[in-house]
Amino acid sequence: MNKINRRDFIRLGGGLTLAGTSLMFPTLALAAAPRVVVVGGGVGGCTAAKYLRKLNPNLKVTLIEAKKQYTSCFMSNEVLSGDRTLDSITFDYEGLKRHGVEIVIDRVTAIEPANKQVATVDSGTFEYDACVVSPGVDFKWDAIEGYDAAVSETIPHAWYAGPQTLTLRRQIESMPEGGRVIIVAPPNPYKCPPGPYERAAQIAMYCKHHKPRAKILILDPKDAFSKQGLFRQGWSKLYGFGTDNAMIEWVGAAGGGIVEELDPSTRTLQAEVEEFTADVINIIPPQKAGKVAYASDLVEGDWCPVNKRTFESKRHPDVYVLGDASSAAKMPKSAYAANSQAKVAAAAIITKFNGADPGDPTFVNTCYSILGEEHGISVAAVYTLDETTNTILPIKGSGGLSPMDASAEQRKREVKYAHSWFKNVINDMME
Ligand SMILES: Cc1cc2nc3c(=O)[nH]c(=O)nc-3n(C[C@H](O)[C@H](O)[C@H](O)COP(=O)(O)OP(=O)(O)OC[C@H]3O[C@@H](n4cnc5c(N)ncnc54)[C@H](O)[C@@H]3O)c2cc1C
């Protein structure tokens with residue numbers, strides 16, 4: 001019988017700093033082997049599956065994922081600058097198998113809480129004692145007239161890394177010198193709050209070398225965005241932001257940045273005040289919880305409400321919703337957040353199997369953005385649950401933004417940290 005104590009669990013977090021929880025564990029000896037079914041083999045699902053098995057190797061853990069391989073969205077903006085290939089961010093599930101996780105490649109049609117079953121398209125049903133759901137986001141296709149899933153094949157969102165990332169890259173490569181790229185940013189909340197702004201910088205990185213007269217315009221339905229001061233500073237330094245010669249321009253809601261309509265045939269966007277045409281358009285649509293969460297009655301509004309101490313669904317017991325699909329304010333929808341939440345949920349599931357109460361959770365998030373070959377910025381925080389407001393709040397003094405007056409050496413080092421973080425999180429979730 002394997003036992004694990006809190007120190008061991010934190011050590012299991014490896015290079016990824018805090019393990020994401022401060023729960024005290026009772027002995028994990030279990031009478032029978034409970035079954036956990038994990039829906040979605042992204043960051044939240046993989047991390048939960050791996051850590052459940054690490055916490056109790058007797059558990060039967062089955063992960064059901066629709067795709068044979070996982071292509072990470074994080075670092076996919078680097079494919080757009082040409083700094084990395086899609087292959088370098090694509091991974092299989094062999095590592096999880098080595099942890100004793102059963103992998104089923106199939107699409108889940110619904111979780112059926114009444115029968116404690118998960119139904120799939122081809123593989124039948126799976127019974128569970130606890131079910132973890134981390135299906136990511138889906139898009140609200142009715143937000144911009146003229147833009148839908150079919151049109152996104154030619155005017156890509158590339159907000160799931162994969163074929164659309166390559167389409168966008170090819171379009172940027174074949175754009176004429178002096179051409180214009182428009183990125184339409186989404187309203188809050190959405191996955192990876194700094195992502196659209198890093199994307200603009202990564203496209204500019206490519207254009208600076210290959211199409212120095214190109215322009216990248218961000219049309220934004222918001223008036224403020226994540227790490228805004230640091231982005232503006234980096235864009236100014238690297239891409240002339242704010243000058244007549246700016247390669248990157250940003251128009252917020254107050255300036256007319258809300259896009260209402262797309263005419264795909266002429267590549268024209270109708271915004272609130274003005275019409276814009278472009279050689280390349282990248283629309284990142286507004287977002288909501290992944291489809292299967294709706295099919296499983298887990299959603300209220302656009303996201304899945306959870307008990308923020310455990311990530312157990314507020315709508316159905318023994319179902320745990322993690323990552324982008326969950327309503328976990330004020331944590332951002334990020335890979336690091338999903339990874340951290342998964343460890344809290346894994347600990348809570350084991351604790352519940354043992355008939356004990358969960359302890360006080362802590363969570364962690366760091367988000368890097370790479371603006372140039374030697375220019376990285378970041379935001380970091382350690383979070384805890386504030387019961388009175390039922391909000392996951394950053395612990396005062398636990399993190400912060402990288403300094404506005406950072407040296408060139410520090411900015412260069414943040415790029416290295418970003419790449420190192422990427423390797424660590426992949427390793428932590430699936431190796
Ligand atoms: C351009 C970009 C850059 C980003 N950069 C960063 C970054 O630098 N740092 C960071 O922390 N985060 C970053 N993110 C955000 C990060 O990718 C997400 O927050 C993270 O992947 C969320 O994990 P998840 O488990 O909720 O969902 P995902 O990782 O999206 O995984 C969901 C999985 O569920 C599967 N699935 C869905 N429905 C079903 C079903 N019915 N049946 C079976 N399987 C299903 C999907 O195939 C998918 O594999 C970035 C995102 C983007 C778009």
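This is a predicted model: local features need pLDDT of at least 70, side-chain atom pairs count only at pLDDT 80 or more; totals for chains, interfaces and linings use all residues.
An unreviewed UniProt entry lists residues 35-138 as "domain: FAD/NAD(P)-binding". This stretch is 22% helix and 36% strand, and its end C-alpha atoms lie 28 Å apart. For residues 360-430, UniProt gives the feature "domain: Flavocytochrome c sulphide dehydrogenase flavin-binding", again from an unreviewed entry. Over residues 360-430 the chain is 32% helix and 41% strand, with 26 Å between the end C-alpha atoms.

Helix H2 comprises residues 43-55. Its 13 residues reach 18 Å from the first C-alpha to the last, close to the 18 Å expected at 1.5 Å a residue. H2 is mostly covered, twelve of its 13 residues being buried. Among the buried residues are Val 43, Gly 44, Gly 45, Cys 46, Thr 47 and Lys 50.

Packed helices are described by the angle and the distance between their axes. H2 packs with helix H10 (residues 408-430) at an angle of about 55°, and the two axes are 7 Å apart. The two helices are therefore oblique to each other. On the H2 side, Val 43, Cys 46, Thr 47, Lys 50 and Tyr 51 make the contact, while H10 contributes Asn 427, Asp 428, Met 429 and Met 430. By class, the residues of this contact comprise five nonpolar, two polar and two charged.

Ala 204 belongs to helix H6 (residues 195-210). This residue is buried, with a relative accessible area of 0%. Leaving aside residues up to four places away in sequence, Ala 204 touches Ile 216, Tyr 239, Met 247 and Ile 248. Ala 204 and Met 75 are 129 residues apart along the chain, and their C-alpha atoms are separated by 16 Å.

Several backbone features were also identified. Most residues other than glycine have a negative phi, and most peptide bonds are trans. Asn 188 and Pro 189, however, are joined by a cis peptide bond with omega of about -10°. Pro 189 is located in the loop between strand E11 (180-184) and H6. Cys 192 likewise lies in the loop between E11 and H6. Although Cys 192 is not a glycine, its phi is positive, at about 65°. Cys 192 is partly exposed, with a relative accessible area of 30%.

A cis peptide bond also leads from Ala 329 to Lys 330, with omega near 5°. Lys 330 is found in the loop between strand E22 (326-327) and H9. Asp 297, another residue other than glycine, has a positive phi near 60°. The loop that holds Asp 297 runs between helix H8 (291-295) and strand E19 (304-307). Asp 297 has a relative accessible area of 36% and is thus partly exposed.

Terms used:
Residues are numbered from 1 along each chain as its sequence is written. Side-chain values use heavy atoms; hydrogens and water are left out. UniProt positions are given in the numbering used here, feature names are shortened, and annotations may be inferred rather than shown by experiment. Helices (H or I, at least four residues) and strands (E, at least two) are DSSP runs, numbered from the N terminus. Axes are lines fitted to C-alpha atoms, for helices over the stretch in contact, and angles run from 0 to 180 degrees between N-to-C directions. Angles under 35 degrees count as roughly parallel, over 145 as roughly antiparallel, 65 to 115 as roughly perpendicular and the rest as oblique. Contact means heavy atoms within 4.5 Å. Ala, Val, Leu, Ile, Met, Phe, Trp, Tyr, Cys and Pro count as nonpolar, Asp, Glu, Lys and Arg as charged, and the others, Gly among them, as polar. The expected span of a helix is 1.5 Å times one less than its number of residues. Buried means under 20% relative accessible area, exposed over 50%, partly exposed in between (1.4 Å probe, protein chains only).
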